[in-house]
Amino acid sequence: MTGGGVPSLVRRGDLAAGALFAGLGMGVCVRAMTLTIGSAHDPQPGFFPLIGGILLVALATLLIVQAFGGGRGAPGEAAGDSLRPPAVLVTGLAIYAALLEWAGYPVMTALMALLALRVLGTRWAPGIVVSVALAVGSYLLFVKLGVPLPLGQIFGG
Amino acid sequence: MDFLSNLSHGFGIALSPWNLFYAMLGAVLGTAIGVLPGLGPPATIALLLPATYKIDPTGAVIMLAGIFYGAMYGGSTTSILLNIPGEAASVVTCLDGYKMARKGRAGAALGICAIGSFIAGTISVVGLSLVAPPLAAFALSFGPPEYFALVILGLLMAVYLSQGSVLKGLIMGVLGLLIGMIGLDPVHGAERFTFGLSRLTDGVDFVVVTMGFFGITEVLSNVAAPEVREIFRTTLRGLLPNREEWRRSVPAVARGSLLGFFIGILPGGGAIISSFIAYAVEKRLSPHPERFGTGMIEGVASPEAANNAAAGSSFIPLLTLGIPGNASIAMIFVALMIHGIRPGPLLIQEHPDLFWGTVASMYIGNLMLLALNLPLVGVWVKLLEVPYRYLAGLVVVMCVVGAYSVSNSAFDVGLMVFFGILGYCFRLGGFPAAPLVLAMILGPQLERSLQQSLIASRGDLLIFVERPISAALLGVGALLVLLPWARWAWGRWRGAGGAVAPAG
């Protein structure tokens, strides 16, 4: 609660988030303007988004003011967490989504599961066995349940 | 009596072999995910939504409801034996439950949780079956302004009760409204925020968002901070509390049940918050508040009763007003919509089989859960020995399949990953996820009722305060938002030492 000094990590996070949300809110307002707004007695498609955009800008501004003005932010729970494992996992998931239709569900799922298991410290041998079993097993199960999962071009699906 | 004949009609439906099977499946799955940390009820219900497309709506709701209240039973087991909450509503149970286990009273703690949960669950279902029909009848008189006020209050409650900064909750709520606007607008059918992507014309699917927010996000944060899991090894000597423990537990269970029931009814209320409040109340009422945190059975019995009672009663706003109060109930709302049933005041009249069948199944489900969690508790403890990494792999696979199956496209998988990352960032920044999900679901209804009200009043905003019910609802909402700031300003004005910062 001391004025000045270096803002805490949490407060800096709030500042960044506030700026981001304010920008987003302004973007929403601009997009809403391209729709017809109408008026209070005849609201058109742009009316509600415009209110939302304005509210977001206002709230984000409050967040920024609070971050400057010594208001306490909610403590971030992950002060000492390592960001590497989630980053690896997220990259893997993005690749998964991108290649799913081409490479097919069984192949991509086995690779994804293996990545997840490795990140969490499983050894290679059990990792490979579990991920292949998971991929093939879930594929067969879900196809049987009527969820058409892609087999991919590798298997000529 | 009308009520009894309806209920017996419901039992006729709930006791059909298939519906019994669905109730059992829900209870087993619910207990399992309650026991396992890292997979909560909202994500599980979202994951299973695609699987319910083909079964009839009553069976679907019976099963999904079972998962929700079943998780309340399972969660306490992990809290007591591992000092890690199995799911969010059992966080406070760790405080005294784990200490009881260390003192060799693990059996008694587990026993009172299961029995207390059963009592509370049953009280809550009785309350649900008594309160819901008249409330729905009352809500039939609501017009657009009342609905607008009700949705606003529901969202503000969700923000207020999400245990973080009110301001951040509000931001999440508005963000949820904006995400809900993607696609065709509910009144005119104009395309909004689709950025020319034809995939977005139908909007962003709730299932995709929920799986990202509650499934992927959970995995990411568990991976970032691997928990040390050590099962407290103790012989579970007898699951029944001794006489002294009974004497102290019975009033605590009664208080927890009532408290949970009433908090569960509130829009935005739910199992999580009710368990915290129940714990605080027990501590305040106790002649030995200083002993809380050292293994007081009241601190276990009351919150566990409260979260079960709240789980049951949070079906009331859903089934009578069409307003889901928390993320799990929101998923059941979505399940009803998928089956072409609009939750609202007409639901009980138009779908009596669904309503009374589900209510009756909850009586049965609670009985099943008592059996699952008392004599069979050892089976669930075994489940905890499965390392988290295998569960994480399974959750990821389930989320991917679930997202893909929404519309058979990899685009939704990508979208889910995006929301997973977003959810993780929100969590790091202390932004609560529940208000976003609720706002997203309630957004179209909010917009529709706002438009209808304004058209009816010719643009006069006073319509919301001239009608007594909507004025009262909005008044309560305004109070909730302003309260933290008022308290903060009061604290500053008094200049008390260690000024109280606003919760925002």
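From the N terminus on, chain A runs α-β-β-α-α-α-α, which comes to 5 helices and 2 strands. Helices (H or I, at least four residues) and strands (E, at least two) are DSSP runs, numbered from the N terminus. This is a predicted model, in which local features need pLDDT of at least 70, side-chain atom pairs count only at pLDDT 80 or more, and totals for chains, interfaces and linings use all residues. Residues are numbered from 1 along each chain as its sequence is written, and chains are lettered from A and ligands numbered from 1 in the order in which they are written.

**Chain A**

- Chain A is divided into domain 1 (9–68) and domain 2 (84–144), with bounds that come from an automatic or database domain assignment.
- The C-alpha centres of domain 1 and domain 2 of chain A lie 39 Å apart.
- Of the 157 residues in chain A, 36% are buried. A residue is buried if 20 or more other C-beta atoms lie within 10 Å of its own, exposed if 12 or fewer, and partly exposed in between, with C-beta atoms placed from the backbone.
- Among contacts in chain A between residues at least 6 apart in sequence, 60% join residues at least 24 apart. Two residues are in contact if their C-beta atoms, placed from the backbone, lie within 7 Å.

**Contact between the chains**

- Chain A gives 62 residues to the contact and chain B gives 55 residues.
- On the side of chain A that touches chain B, at least two residues each come from α1 (9–34), α2 (47–68), α3 (84–103), α4 (105–119) and α5 (124–144).
- That side of chain A has 41 nonpolar, 16 polar and 5 charged residues. Ala, Val, Leu, Ile, Met, Phe, Trp, Tyr, Cys and Pro count as nonpolar, Asp, Glu, Lys and Arg as charged, and the others, Gly among them, as polar.

**Helices α3(A) and α9(B)**

- α3(A) packs with helix α9 (residues 206–224) of chain B at an angle of about 145 degrees, their axes 7 Å apart. Axes are lines fitted to C-alpha atoms, for helices over the stretch in contact, and angles run from 0 to 180 degrees between N-to-C directions.
- Pro85(A), Pro86(A), Leu89(A) and Val90(A) of α3(A) make the contact with Leu220(B), Val223(B) and Ala224(B) of α9(B).
- By class, this contact has 7 nonpolar, no polar and no charged residues.

**Positive phi in chain B**

- Phe193(B), in the loop between β2 (191–192) and α9 of chain B, has a positive phi near 50 degrees.
- Phe193(B) is buried, because 20 other C-beta atoms lie within 10 Å.
- Arg458(B), in the loop between α20 (434–456) and α21 (463–466) of chain B, has a positive phi near 55 degrees.
- Arg458(B) is exposed, because 10 other C-beta atoms lie within 10 Å.
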